[in-house]
Amino acid sequence: MSDTILRNTALDVAASSVREVNRALKSAAEGAFEVMNPGGAHALACGLYAPVSVTIKGHAGYYCAGMNKEASVTVEGNASTGVAENMMSGTVRVTGNVSQSAGATAHGGLLVIEGDASARCGISLKGAEIVVGGSVGHMSAFMAQAGAMVVCGDAGEALGDSIYEARLYVRGSVASLGADCIEKEMRAEHRTQLADLLSRAGMTADISDFKRYGSARQLYNFKIDNAY
Amino acid sequence: MCGIVGLFLKNKALAPELGRLTALMLHEMCDRGPDSAGFAVYGGGDGRAKLVLLSKTGATDWQVLKDNLTAALSAEMDLETLHDHAIIRTDADGRAVRGWIIGNAPDVTVLSLGKNIEVYKGIGDPDRVAEDFGLTQRSGTHAIAHTRMATESAITTAGSHPFSTGADTCLVHNGSLSNHNNLRETLVSHGEQFQTENDSEVAAAYLAWRMSEGDTLNQALEAALRDLDGFYTFAIGTGDGFAVLRDPIACKPAVIAETDDWVAMASEFRAIAPLPGVENAKIYEPEPAKIYSWSHAGEGKAA
């Protein structure tokens, strides 16, 4: 199957294996691909490392576009657990909702979720940017170290628990803040960053409606006396 | 990891398709739980009590059991056998039959009792279990199925899901409970009878007990949120209803899809993907600690 796949073609998950589809995507240095009949299959468009463009026509399963580097992946539907997990660069866009741990540990790139994200969105974020058009579930941005997360809807319980240096922007309500996470002042640099993120995500929202949250830097690990 | 699926039909015209659709869903969850599988089908009945029994040894003399039951309960018993299972239909009180078997037939496990429900289980490949017990040909109003990756107790047929202890009530579970030993003792003191060491049987018995005390399904699930400790995504069936519940941390996956014709729940979307009309379904992830339930009496509306 993989021998016959040409660039800029539609790859059909129903007619071949996920492994064959991913192999075809990874063999391309550029080009645009459509992935048909995803049917919730796992690990679609995982581990891409070239500036290809991939559109998944339907719902994706676990770890879609995981470890993404340089590629631009769009899911026209929902994505399950761990979309864009450990992304390094590039863009991942989901037009529907996503399940838990979206963008977990992602180092770079932009993850756009047009619908809602469930629990643990941006957990252990390491530098990537996440923009969510809807709401995020509980324990989102847990231990987020670097990067930014924009939530145009509401945030669930324990937002930003044990957060380090990531910046969180939430338009709606926050059910509760996690340990050591506090509301912070929106300065000019933050408004600039927020406007830029919304613009790149293709979302329109009044930035004056947002509040910023981040670390109070009061936990044990922030005290120099506790350093090794 | 385990795989769970549930299908609740709103459109009665789909009843003959229930088993086939459930088998398609179960098939997609095989690799989440290759150790064993089981399913519960609510297919109606003739008004008599119906018990599905499992021979733990595979060598039970069902005719002898039937004769002993007939004598002990002074009632007619109709017997049907299917592989290592048997189905008893009787006008006697189903609970009394269950109690007699648990007390007197140590090689037999009662998999289900009720006027509507039938539960079938087997170890090994879930597709083969479905085939052995004719899931595809079964019709009914709703069904629940499970593929198991064993964690809390041994891989046995009796330890496979669904678990059913009360009439027409059953439960499948992905997760593990941490307070099941304590809760089992409490339930035993209330007269519940257990047949395995499995934590999920305790959850099933807990709900059955609450409902036998007068709780509605939703009230029983409210109480379960308070009294059950551990990880869980449950799918629950009753004679007329279907429910989904996740613990407050919600580590164990779940997705619900709903159309005008059906409500489907599964560990993953790929189990829902083969259903007819799925492209127009409303698809969402059930929220932590929130009760989702449907009943035919309530015309398939979420509670």
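A crossing is left-handed if the near helix is turned anticlockwise from the far one by less than a right angle, and right-handed if clockwise. In this predicted model, local features need pLDDT of at least 70, side-chain atom pairs count only at pLDDT 80 or more, and totals for chains, interfaces and linings use all residues. Residues are numbered from 1 along each chain as its sequence is written, chains are lettered from A in the order in which they are written, and side-chain values use heavy atoms, without hydrogens and water.

By the definition above, α2(B) passes α3(B) in a right-handed crossing. Helices (H or I, at least four residues) and strands (E, at least two) are DSSP runs, numbered from the N terminus. Helix α2 of chain B covers residues 62–73 and helix α3 of chain B residues 94–104; their axes lie 11 Å apart at an angle of about 120 degrees. Axes are lines fitted to C-alpha atoms, for helices over the stretch in contact, and angles run from 0 to 180 degrees between N-to-C directions. Angles under 35 degrees count as roughly parallel, over 145 as roughly antiparallel, 65 to 115 as roughly perpendicular and the rest as oblique; α2(B) and α3(B) are therefore oblique to each other.

In contact (heavy atoms within 4.5 Å), L65(B), N68(B), L69(B), A72(B) and L73(B) of α2(B) meet A96(B), V97(B), W100(B) and I101(B) of α3(B). These residues comprise eight nonpolar, one polar and no charged. Here Ala, Val, Leu, Ile, Met, Phe, Trp, Tyr, Cys and Pro count as nonpolar, Asp, Glu, Lys and Arg as charged, and the others, Gly among them, as polar.

## Helix packing in chain B: α5 and α6

Helix α5 (residues 180–189) and helix α6 (residues 199–212) of chain B pack at about 40 degrees, with axes 10 Å apart. The crossing of α5(B) with α6(B) is left-handed. The contact of α5(B) with α6(B) involves six nonpolar, one polar and two charged residues.

## The interface of chains A and B

In the interface, 14 residues of chain B contact 13 residues of chain A. Chain B and chain A bury about 960 Å² between them, 47% of it on carbon and sulfur atoms. Buried area is the accessible area (1.4 Å probe) that two parts lose on being put together, summed over both.
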